[in-house]
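Biologist: I have a new chain open on my screen, and I would like to learn how its features get their names. Could we go through it together?

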Amino acid sequence: MALLFIVGLFVSLIPMSAHAATCSFARDLKFGIVGEDVLCLQKYLNESGFTIAETGVGSKGKETDEFKKLTEAALVKWQEENGVTPASGMFGPKS
């Protein structure tokens with residue numbers, strides 16, 4: 001029981017951004033794409049300060065697997081901040 005508590009405590013201390021390290025992107029992501037990789041991208045963007053939505057669908061903890069306009073807008077902001085040109089809203093090799 002004590003070991004379970006210690007493991008739970010350790011997991012709760014891992015920074016949220018550590019989640020992004022588990023993402024695997026094997027394809028370009030753009031408007032209309034659906035998949036777990038999109039969900040992972042949304043979580044990364046939300047955790048990194050590039051908010052998909054403040055509340056509701058796409059907000060932190062309510063990310064989806066659908067790449068739509070809000071994901072595209074957050075990704076453009078991330079690309080601009082990180083010097084990806086052009087900031088196209090498509091997530092690929094440059095991103």
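Biologist: Which pattern does the chain follow, read along the sequence?

Modeller: Keep in mind that this is a predicted model. Along the sequence, the pattern is α-α-α. The chain has three helices and zero strands.

Biologist: How many aromatic pairs does the structure hold?

Modeller: There are two aromatic pairs. Let's take Tyr44 and Trp78, whose ring centres are 6.4 Å apart.

Biologist: Why are the rings of Tyr44 and Trp78 called an edge-to-face pair?

Modeller: Start with the distance: rings pair if their centres lie within 6.5 Å, and 6.4 Å for Tyr44 and Trp78 meets that. Next comes the angle: planes over 60 degrees apart count as edge-to-face. The planes of Tyr44 and Trp78 stand at 75°, so this pair is edge-to-face.

Biologist: What makes this pair a tie between parts of the chain?

Modeller: Look at where the partners sit: Tyr44 is in helix H2 (residues 36-47) and Trp78 is in helix H3 (residues 69-81). The pair therefore ties together parts that are 34 residues apart in sequence.

Biologist: Is Trp78 buried or exposed?

Modeller: Buried means under 20% relative accessible area. Trp78 has 9%, so Trp78 is buried. Tyr44, at 26% relative accessibility, counts as partly exposed, because that class runs between the 20% and 50% cut-offs.

Biologist: How do you know that Cys23 and Cys40 form a disulfide?

Modeller: The test is a pair of cysteine sulfur atoms within 2.5 Å. For Cys23 and Cys40 the S to S distance is 1.6 Å, and a disulfide joins them. A search of the whole structure finds one disulfide.

Biologist: Why is the disulfide of Cys23 and Cys40 called left-handed?

Modeller: Its torsion about the S-S bond is about -85°, so the disulfide is left-handed. This pair links distant parts of the chain: Cys23 belongs to the loop between helix H1 (2-13) and H2, while Cys40 lies in helix H2, 17 residues apart.

Methods:
Residues are numbered from 1 along each chain as its sequence is written. This is a predicted model: local features need pLDDT of at least 70, side-chain atom pairs count only at pLDDT 80 or more; totals for chains, interfaces and linings use all residues. Side-chain values use heavy atoms; hydrogens and water are left out. Rings of Phe, Tyr and Trp (its six-membered ring) pair if their centres lie within 6.5 Å; planes under 30 degrees apart count as stacked, over 60 as edge-to-face and the rest as tilted. Helices (H or I, at least four residues) and strands (E, at least two) are DSSP runs, numbered from the N terminus. Buried means under 20% relative accessible area, exposed over 50%, partly exposed in between (1.4 Å probe, protein chains only).
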